[in-house]
Amino acid sequence: MPYSVDDLADQAWMSVEALEGLASELPVGSGRHYVRGKYRKKHGGIREVFKPMPPFDAISKNLHRSFTNLLPYEAPDHVHGFVRDRSTISNARQHLAKACVLRMDLEDFFPSIDAATIKASLIGQGYEEKAADLAVRLVTIDDKLPIGLSTSPLLSNLAFLNTDRSLAEYAQSEGLSFTRYVDDLAFSGDVTDHHAADIARILDDAGWSVNTRKTAFMRRGRPQYVTGLYVGEPDGPRIPRKVKRKMRWILHVISKFGYETYMEEFGGKDEGMRRNRLLGWACYIAAVEPDVGFPLLRAFGELVPEDDEEDLYDLP
């Protein structure tokens, strides 16, 4: 069934008039409806992240739930980012012990998705044009899909759907395994330079740009990593050795000198290694390698005190 402006307002838990007012303010709403933050990427460049403020943050979450529950979109089997019951682990598992893994990364994935693309995607999912126009004004900033809004992950998958289908058809025709985790594309099998050129052409024709600095061929006998996990063995993904060594070293320091000393004298504070982050890392390792992660989880739970400060960090 088509989704109207009234449906959109019901899903956002606001009146149509209030939504229209908010949408008209967003283009100049920095500092009032959201905060812009710029962060340096690990491999160069700047990433702009938006933090929505009340009531905009609640509206974004309501719309995200609506999109998730009501839209007919179903993620293709090869899509593992922002999909329930899928993860970096399920993504990496599709590329175990292959002759070659080709990793390709998209340039500025979220900001490269513009308002017109989002509108077309929503209309394709059943939105009436007026409802799509209003929705787009609520989920884009500066006519782009912003990093930080609750609505952006699912909408990025919607925007990429046609390209997903094209890449999946190509991979199947060439006998390759293919997965996508957000902007991280992985192809494995007997991958050649010819395949890389064809894939780049498909992406370019669809309007996406490849970050050539991060394109990598990883052949058997050399390190092979997909979404940060080692995939060179047939029995399952593995946590990189350097990560396991680091976490064991942190546990050793905390066990010997105490958590406070680790934080102040061994770099823990500079890296933001508070209790929640240490436990989060241990949980992630346990999900991949239980025999390594669960002992870390128990030890950190016992040795690291509760911390009232709430900090959000990316996994290293």
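This is a predicted model: local features need pLDDT of at least 70, side-chain atom pairs count only at pLDDT 80 or more; totals for chains, interfaces and linings use all residues.
**Exercise 1. Describe the backbone at Ala97 and at the bond from Pro54 to Pro55.**

Solution. Ala97 is not a glycine, yet its phi is positive, about 50°. Ala97 sits in the loop between H4 and S3 and is partly exposed, at a relative accessible area of 27%. The peptide bond from Pro54 to Pro55 is cis, and its omega is near -5°. Pro55 belongs to the loop between S2 and H3.

**Exercise 2. Work out the strand order and the edges of the open sheet.**

Solution. Four strands form the sheet in the order S4-S5-S3-S6, with antiparallel pairing. Two strands pair if DSSP finds at least two bridges between them. S4 and strand S6 (216-219) stand at the edges with a single partner strand each, so one side of each has no neighbour in the sheet. From one strand to the next the twist averages 15°.

Then take the pairs. Strand S4 (residues 177-181) and strand S5 (residues 184-189) pair in the antiparallel sense over five bridges, and Arg180 stands opposite Leu185 in S5. The hairpin of S4 and S5 has two residues between the strands, and Val182 there takes a positive phi near 60°. S3 and S6 pair in the antiparallel sense over four bridges; the bridge partner of Cys100 in S6 is Arg219.

**Exercise 3. Is Asp105 buried or exposed, and which residues does it touch?**

Solution. Asp105 is in strand S3 (residues 100-105). Its relative accessible area is 9%, so Asp105 is buried. Not counting residues up to four places away in sequence, Asp105 touches Asp183, Asp184, Ser209, Val210, Asn211 and Lys214, where contact means heavy atoms within 4.5 Å.

**Exercise 4. Find what encloses helix H7 (residues 152-159).**

Solution. Eight of the eight residues of H7 are buried, so the helix is largely enclosed by the rest of the structure. The buried residues include Ser152, Leu155 and Ala159. The cover over them includes helix H3 (56-70), helix H5 (115-124), helix H6 (129-139), helix H8 (161-173) and S4.

**Exercise 5. Characterise the packing of H12 against H13 and of H2 against H6.**

Solution. The axes of helix H12 (residues 275-288) and helix H13 (residues 290-303) come within 6 Å and cross at roughly 160°. Axes are lines fitted to C-alpha atoms, for helices over the stretch in contact, and angles run from 0 to 180 degrees between N-to-C directions. H12 and H13 are therefore roughly antiparallel; angles under 35 degrees count as roughly parallel, over 145 as roughly antiparallel, 65 to 115 as roughly perpendicular and the rest as oblique. Residues in the contact include Leu278, Ala282 and Ile285 of H12, and Val292, Leu296 and Phe300 of H13. By class, this contact has 13 nonpolar, two polar and one charged residues. Ala, Val, Leu, Ile, Met, Phe, Trp, Tyr, Cys and Pro count as nonpolar, Asp, Glu, Lys and Arg as charged, and the others, Gly among them, as polar.

For the second pair, helix H2 (residues 16-25) and H6 pack at about 50°, with axes 8 Å apart. H2 and H6 are therefore oblique to each other. The contact is made by Leu19, Glu20, Leu22, Ala23 and Ser24 of H2 and Leu134, Arg137 and Leu138 of H6. This contact of H2 with H6 has five nonpolar, one polar and two charged residues.

Methods:
Residues are numbered from 1 along each chain as its sequence is written. Side-chain values use heavy atoms; hydrogens and water are left out. Buried means under 20% relative accessible area, exposed over 50%, partly exposed in between (1.4 Å probe, protein chains only).
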